[in-house]
Amino acid sequence: MSDGMGERVSDAIVPGWEVVIGLEVHAELATATKLFSTARNEFGGDPNTNVDPVSLGLPGSLPVLNEKAVELAIRVGLALDCEIGRSVFARKNYFYPDMPKDFQISQYELPINGRGHLELPDGRTVGIERAHLEEDTGKSTHVGGGGRIHEAGHSLVDYNRAGVPLIEIVGAPDLRGPEDARAYVAELRAILVAIGASDGKMEEGSMRVDCNVSVRREGAAEFGTRCEIKNINSLRSLGRAIEYEARRQVDLIEAGEAVQQQTRHWNEDEGRTHTLRSKEEAYDYRYFPEPDLVPVDPSDEWIDEIRATLPALPRERRHRLAEAAGVDTAAAALTVERGMDDLAVDAIAAGADAARVLVHVDNNLADGAGRLTADAFAALVAMEVGGDLTATQAKTVLADLVASGGDPAAHAATHGFEAMDTGELESLVDRLIADHPDDWAGFVGGDDKERKKKSGFFVGQVMKATQGQADGRIVNELLERRAAGG
Amino acid sequence: MSASAAAIAADVRAGTRTARAVVEEHLAAIDAREDEIHAFNLVTADAALARADDLDRRIAAGEDPGPLAGVPVALKDNICTRGVPTTCSSRILDAWRPPYDATVVERLGAAGAVAIGKTNCDEFAMGSSTENSAFGPTRNPLDTSRVPGGSSGGSAAAVAAGFAPLALGSDTGGSIRQPAALCGTVGVKPTYGRVSRYGLVAFGSSLDQIGPLAASVTDAALVLEAIGGHDPRDSTSIPEPSPDLTGVLGGGVDGLRIGIIDELMGEGVEGIAADVKARVEEAAAALSAAGAAVEHVSVPSTVYGLSAYYLVAPAEASSNLARFDGVRFGLRVDADTAAAMNTATRTAGFGDEVKRRIMLGTYALSAGYYDAYYGKSQKVRTLIQEDFGRAYETYDLLLSPTAPTTAFPLGDKTGDPMLMYLNDVCTIPSNLAGHPSMSVPFGTGDDGLPIGVQVLAPALDEATMFRAAAVLEEAAP
Amino acid sequence: MNSPETPRLTRDDVAHVANLARLTLTDDELDAFTGQLADVLDHAADLEALDLDGVAPMANPFPLVNVLRTDTPVDHDVRDEVLAAAPSIEDEQFRVPPVLGEAP
């Protein structure tokens, strides 16, 4: 299974127990038309407008595979380092009103993407078992009878979503806690968005997560019996559902009972899972090769062509930034997630101090880089590190660069920012110490907490007196030196 | 009775006869005998006349509507026609009007043909006698106490009764060729993928092919030329243009090597009547006289065809027919829940034979039985295709009976499904292999009813098959 | 036949597949269908004599691959026709009795 995880015992939900998680993620592919017909693939819209004989499953209609959906599936396979090969569509037979043909065309024995893996921001890898193509269902809404499904009333079915292409990405049971699971889904989402395969919107249902959970005693070699949890609609629900389910399973085992293999439904309002069906009730889907479609066997040339159009993936970008900045990939993750890594890498390459670059990018560029260039950024950081600008001034100038571009020195001059003479600063600090003897005593003699509080007080006084032009770092150094008798 | 499709089209194109006159003549023939025969579920008389008038106007304006100009054609009622009821002879689709035309319907229209009605068939094309129609059986025009064969019995009867010079049928295990044989018409099952299945209500998707029924080999060729060729709406459609058939019909069989399949002459499968065997031998002699080298050949795995077919076709059907659930179209029998409504609708809407095949197919695909039944049967298909492949290394064509007997009396086999299934024993192997084959009338049986000889060809070689068929037609007693 | 791998079809088997196929059978129908289906399966026992080791199952008789279409939308405009042919509609949707439970 795993290519590397498993040793880590992270965020144990119940001490002494390890939770084992494998996720199945369905993502709608960003095509213009459906998987097997030329009806539009569009979210929203009036009911039953994006339909045609094929997506309604009308008698006599036949599926024809969308080339773009195959290309996007291959992009996913390449991004997840999957084995890509000959694949065959199969029919998964079950009756349900939102399934127009009463079978779903999916891939069963031969998926387009076989084994691969995904790298989390902290560098650990999670196995991917497969990533296959299938069609989405329509949607049924319950009407009347109080809105609860077990009460009377009726249902209305809209087939706009029926036949929308999905990629189902089946992850290995390599995740060990809610944080892992969330990190995995977030990373997968980032990859899908980066390669243009999906918009990854969980809230619109274009990305959906089913979660397999089991528990075992720490150090146990065998997996426990797993339950599959459905109806998870957000990253938050994912974490909550895992915690609930893991506790439920541990409670069962500790009470001397066995966990039954089941499919369970997550109820967000009640914060619990409940049984949908047991393994014994497992539906007999009667899979068989879809006779109306022929195999897909992408040539190496086609795969190479697609590979050549892939953008840098999040993991590559994290590694690139981590290397440039001399940090680990986890520290580079936020910058990459925000798409600011090119700027950071370029600024660092232009000679800027990596730590200051990351601080600015992660904290002071919340609305993006605007007209800021990497060179101007590098020059700004150089001024700051060289003491020509305080941190506060640098932030101001950075905002100017974002808004209007240009040269940091010119912006600094406009604001009248000039490096404060250290001599002036020293006399100011001495005066403040003399004026506030009690605070000074607190700084010199207090515990860490008190010392910190008083340092904040003196720096604040200095900033007030200098209208923010002093460098807080230097003020602190002066205070330390005086306290040490210097 | 009436003129051939080729002659009608020639007259109509030349302006020596109007399409309206042609259609009126055929409507009159229908009026005269349809009550007795019940070939049609629906005769679209008004639409046919309007269409004929339109063609006549176009011809008067100097246009050429195409090679089937003004020729009435009867469409099996499992072929979708926009706005015109398409029932598959099932209560579950009673009065369903498709919102689109099948590709074959478009192509016949583009060739100038006039759709004259929808023909009766076994429900969802499941049967060999047209007795499994929810709307009552079709009778054989040559002896109305007998069945016309099936499942395209209405199409075969329509041609045999002179209701239409041409008809389309669908053939999953012999459903064009067997009724053609029993009604004394020509019937062709093309290579799988030769004719688009788009708009054909599916029975066994990997076996189904649409093809012509006609009074002559030439007419059948005209139809296949018109409907054949690649269709991007059917993924299994072969990317080849429609074959030239009418141009090669006179080519003869001189120098061809033709094998008579021993197994289908009773040395393997049972129940091939002596008169049927005699006619096949005579047909072989006629081909020999025309210059072909004819020998007997063994194609051993053909004897397993029936078993494999009655697992594969029902399996695919069980899935194809799931969509008849009362939700989107057709019959609904209401109930308290959606699932109960599905069940009530299907229970009321499907006839016994359809239920039998759905259950058989569901079983063949179900957990624990897939490998023993469906999986094994699909391997048998490979064996049969390979066996045919070996035979075609030596022979250009193969020959066999089309059906084991002449037309049998209504009700004779309805009590025993297995007995009914045995009708398809000679026709099934071509469907399993995906190869073309056709039935050509060749004499009559001891009861005076027609017997069909089946000509089989390798994939895509309809041209050679038609050459032999033309020779047989010429030589037929 | 009745070989170990394919035991003769039982009444319960038929009831099970009828349920899977969303069909209700009367007791008489169950008896009749059981016999008839078992006859077909008995006939199919002749396949057990075949050596099928290494034989690939056929999915499509004509071996095509990569049949693909371009991702170009077409306006089909069939909604009104389709809804008009539906057994029951409400608010441009297909109306059905309450759907119990989730898709399997």
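This is a predicted model: local features need pLDDT of at least 70, side-chain atom pairs count only at pLDDT 80 or more; totals for chains, interfaces and linings use all residues.
Q: Why is strand β6(A) largely enclosed by the rest of the structure?
A: Strand β6 of chain A spans residues 125-135 and has 11 residues. A residue counts as buried if 20 or more other C-beta atoms lie within 10 Å of its own. The strand is largely enclosed because the number of its residues that are buried is nine.

Q: Which residue of β6(A) stands opposite G116(A)?
A: Strand β5 of chain A, residues 116-119, runs antiparallel to β6(A) and is joined to it by four bridges. The two strands form a hairpin with five residues between them, and in its turn G123(A) has a positive phi of about 95°. Opposite G116(A), the residue in β6(A) is I128(A).

Q: What is the bridge partner of A131(A) in β9(A)?
A: Seven bridges join β6(A) to strand β9 of chain A, residues 165-171, and these strands run antiparallel. Within β9(A), A131(A) has as its bridge partner I169(A).

Q: Which are the edge strands of the open sheet of eight strands in chain A?
A: The order of the sheet is β5-β6-β9-β1-β10-β11-β12-β13, with mixed pairing. An edge strand pairs on one side only, and in chain A this holds for β5 and β13.

Q: At what angle to β1(A) does helix α2(A) run?
A: Strand β1 of chain A, residues 17-28, is joined to β9(A) by five bridges in an antiparallel arrangement, and E28(A) stands opposite L166(A) of β9(A). Helix α2 of chain A, residues 178-194, lies across β1, β5, β6, β9 and β10. Relative to β1(A), the helix runs at about 25°.

Definitions and conventions:
Residues are numbered from 1 along each chain as its sequence is written. Chains are lettered from A and ligands numbered from 1 in the order in which they are written. A residue is buried if 20 or more other C-beta atoms lie within 10 Å of its own, exposed if 12 or fewer, and partly exposed in between; C-beta atoms are placed from the backbone. Two strands pair if DSSP finds at least two bridges between them. Two residues are in contact if their C-beta atoms, placed from the backbone, lie within 7 Å. Axes are lines fitted to C-alpha atoms, for helices over the stretch in contact, and angles run from 0 to 180 degrees between N-to-C directions.
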